[in-house]
Amino acid sequence: MSISENIRRIRAEMAAAAEKAGRDAAEIAFCAATKMNDADRVKEAVAAGVDCCGENRVQELTAKLPLGAYTGKPVHFIGHLQTNKVKFVVGTVDLIQSVDREDLLIAVEKEAAKKDVTQDILLEVNIGAEESKSGFTPDGAREIALRMAEFPHVRLRGLMAIPPIQTKPGANRRFFAEMHNLAVDIAAKKYDNVSMEILSMGMSDDFADAISEGSTMIRVGTAIFGARNYDK
Ligand SMILES: *Cc1c(COP(=O)(O)O)cnc(C)c1O
């Protein structure tokens, strides 16, 4: 199957999941997770109508940008970001989805102030409380949201989560539901500098469940591009 055929099929599956949940598919963004795919393949995905692209590594982002890989669509950063690489990302991407610790938030604020820009971000929540993953606890995310006025060059637009890898279908639904509750909770507080319109969750294997539970942005790699070859 070609990239464009895959994207068409995923769009149809998104629409079906939205309809089943009584939601409007137009309120759910389809982000291509483009890691390990070259600029030409990313361009193919953009031309086929994904809503945004998400990169995991600074090196890939800075290599593909000048090749026009994302031209016409927003580009997001979705991977683990080291504080010493913040300068390559702040003011370059439309959204940093993976702000997973306070140190990083402070570094993003500092760099955005220096460049005199406002950087949109999501807080990454370690919703499965996994040892191996970074991210805020739900209470940690609440606490940061409460304090967002301290970060005037950053706008908190919502939350992102990567729940545990599961073998049983549907096993992540409870984590998606917890994320949705957390986002609704924070939104209701109406904090300065905080809007909660983006709830980024759902990947190739579970985006339909994420949509059932209120996702407004899915991040899909494998189902678009095929399996990634880590030996290459
Ligand atoms: C790779 C990646 C995805 C997409 O995963 P697939 O299972 O290939 O769809 C989504 N989000 C993040 C943060 C990723 O790194």
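Trainee: Where is H76 found?
Mentor: H76 is found in strand β3, residues 75–77 (strands are DSSP E runs of at least two residues, helices H or I runs of at least four, numbered from the N terminus). This is a predicted model, where local features need pLDDT of at least 70 and side-chain atom pairs count only at pLDDT 80 or more, while totals for chains, interfaces and linings use all residues. Residues are numbered from 1 along each chain as its sequence is written, and side-chain values use heavy atoms, leaving out hydrogens and water.

Trainee: Is H76 buried or exposed?
Mentor: H76 is buried, at a relative accessible area of 5% (buried means under 20%, exposed over 50%, partly exposed in between, with a 1.4 Å probe and protein chains only).

Trainee: Which residues is H76 in contact with, leaving aside neighbours within four places in sequence?
Mentor: Among them are C31, C52, E55, Q97 and M217 (contact means heavy atoms within 4.5 Å).

Trainee: Turning to strand β5, how many of its residues are buried?
Mentor: Seven of the seven residues in β5 (residues 119–125) are buried, so the strand is largely enclosed by the rest of the structure. One side carries Q119, I121, L123 and V125, the other D120, L122 and E124.

Trainee: Which strands pair with β5?
Mentor: Strand β4 (residues 95–99) runs parallel to β5, joined by two bridges, and strand β6 (residues 154–161) pairs with β5 in the parallel sense over seven bridges (pairing requires at least two DSSP bridges between two strands).

Trainee: What is the bridge partner of E124 in β6?
Mentor: The partner of E124 is M160.
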